[in-house]
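Please look over the notes below with the model open beside you.

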Amino acid sequence: MQILVTGGTGYIGSHTVVELLNHGDDVVIVDNLSNSHPIVLERIEIITDKRPDFIKADVCNFEKMNEVFSKYQFDSIIHFAGSKAVGESVEKPLLYYRNNIESTWVLVELMEKYNVPSIIFSSSATVYGQPDINPITEDFSYQCTNPYGRTKMINELFLKDTTVAYPNISAISLRYFNPIGAHESGLIGEDPQGIPNNLMPYITQVAIGKLEKLSIFGDDYDTHDGTGVRDYIHVVDLAKGHVAAVNYLQEHKDTSFLAVNLGTGIGYSVLDIVHAFEKIIGREIPYQITDRRLGDIATCYANPKKAKELLNWEAKFDLEKMCEDSWRWQIKNPKGYVRSNVF
Ligand code: NAD
Ligand code: UFG
């Protein structure tokens, strides 16, 4: 199949492109490189022996995207492109609402025009906000607590409405839990700009000596050790979930809209992650307990049953593998893509 991958040079996108190419699909990446590096394309080629077509463009640019759609006949779209930092979304709602919503609007408008039958959308467990109970199933109500989360919710509602109105279009919204890890080659991985917001890149940067110590945001939550519990999922498992979703819609053309959790179903605390990582590197990670981070919740993990039943997908990699691969990526690329040791 010919697949358009927006945001395909980013963290989750690049791993998904690798899985699609390994699966035998042809891939066209559109990315404006606002949060990624073009060297990713070389890395993808080393891993797969195939080079995806790449177009540097903003998905919100209708005219440019019209040119892309007129050149290729896509069988499906995977839409990763977007802005993803919760804190930044509170400060810059205009950027978030525009980038995250207009991009999907442009794609669906062009899907209708060029008869592209399916789209897979990157959603997030953040749409559930603070759930009353865990594990979380897809029928839980929207409880978004920040602009970023609301852009994901609005996209889902938009896709629901458009797939009803245009029965020739199908959509699956994949609600990711906490992606970590990297491709086992150490050639592609997460490359946050500046000081990382997320737990795993922060830990790996402490381990390599770039940051002094980890701050653990609160140890007084109602969890087994007081620190926050999340459902960490290996990015390669997540990537495979996208291949499964594309295939599902290829075989079930009468689908309108589906929302599906991609998680492992297992909740680990911050201290569980720290200790698992310490086991891999054979030394301690310095940390301090600080106040809770504003907006954080105690516990969030998925019920992944729907993904298993519908997509025949389930996460395979355990926490040890997630830590090992995160660490390999970090030591091979101590400064990220720009000045890595690999090239
Ligand atoms: P990322 O920033 O690494 O990748 C996003 C890519 O999209 C980047 O390469 C960026 O340059 C590109 N991009 C952004 N706006 C664009 C635009 N208008 N036109 C073209 N390209 C554009 O992020 P990621 O972690 O790979 O996340 C991918 C998607 O998954 C995002 O939509 C994000 O909201 C969602 N998501 C991520 C997480 C996570 O923890 N990483 C969790 C849940 C959902
Ligand atoms: N944490 C720390 N110290 C840090 C960073 C994080 O203690 O330096 C803790 C947090 O308090 C939380 C856990 O580690 O308990 C995980 O935090 P992350 O920032 O890695 O992830 P979040 O669960 O807060 O958020 C992530 C993405 C969001 C997405 C959400 C649900 O960043 O975009 O998962 O998918 F919405």
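1. Ligand 2 is surrounded by 22 residues, and the closest are Asn198, Ser215, Arg230, Arg293 and Asp296. A residue belongs to such a shell if one of its heavy atoms lies within 4 Å of the molecule. This is a predicted model: local features need pLDDT of at least 70, side-chain atom pairs count only at pLDDT 80 or more, and totals for chains, interfaces and linings use all residues. Residues are numbered from 1 along each chain as its sequence is written, chains are lettered from A and ligands numbered from 1 in the order in which they are written, and side-chain values use heavy atoms, with hydrogens and water left out.

2. A side-chain N or O atom of Asp296 lies 2.5 Å from an oxygen atom of the ligand. For the side chain of Ser124 the distance to a ligand oxygen is 3.1 Å. Phe217 uses a polar backbone atom, 2.9 Å from an oxygen of ligand 2. Taken alone, ligand 2 exposes 680 Å², of which the protein buries 87%. These accessible areas come from the Shrake-Rupley method with a 1.4 Å probe; for residues, only the protein chains shown count as cover.

3. Which elements each supply at least two residues of the shell around ligand 2? They are helix H7 (199-207) and strand E8 (214-217). E8 gives the most, with 4 residues. Helices (H or I, at least four residues) and strands (E, at least two) are DSSP runs, numbered from the N terminus. By class, the shell has 11 nonpolar, 7 polar and 4 charged residues. Here Ala, Val, Leu, Ile, Met, Phe, Trp, Tyr, Cys and Pro count as nonpolar, Asp, Glu, Lys and Arg as charged, and the others, Gly among them, as polar.

4. Turn to ligand 1. It has 26 residues around it, with Asp31, Asn35, Ser36, Asn99 and Tyr148 nearest. A backbone N or O atom of Ile12 is 2.8 Å from a ligand oxygen. Val59 places a backbone N or O atom 2.9 Å from a nitrogen of ligand 1. For Asn32, a backbone N or O atom is 3.1 Å from a ligand nitrogen. On its own, ligand 1 exposes 820 Å², and the protein buries 94% of that.

5. Helix H1 (11-22), strand E5 (118-124) and helix H6 (147-165) each supply at least two residues of the shell around ligand 1. E5 gives the most, with 3 residues. The shell divides into 10 nonpolar, 12 polar and 4 charged residues.

6. The structure holds 12 salt bridges (a side-chain nitrogen of Lys or Arg within 4 Å of a carboxyl oxygen of Asp or Glu). Lys64 pairs with Glu67 at 3.9 Å between the closest N and O atoms. Both lie in helix H3 (residues 62-71), 3 residues apart, about one turn of the helix. Glu88 and Lys92 meet at 3.6 Å, N to O.

7. Lys305 and Glu309 form a salt bridge at 4.0 Å, N to O. They are separated by about one helical turn because they sit 4 residues apart in helix H10 (residues 305-311). Elsewhere, salt bridges that share partners join Glu184, Lys321, Asp325 and Arg328 into one network.

Methods. A polar contact is a pair of N or O atoms within 3.5 Å; within protein, one must be able to donate a hydrogen and the other to accept it, and residues adjacent in sequence count only if both atoms are side-chain atoms.
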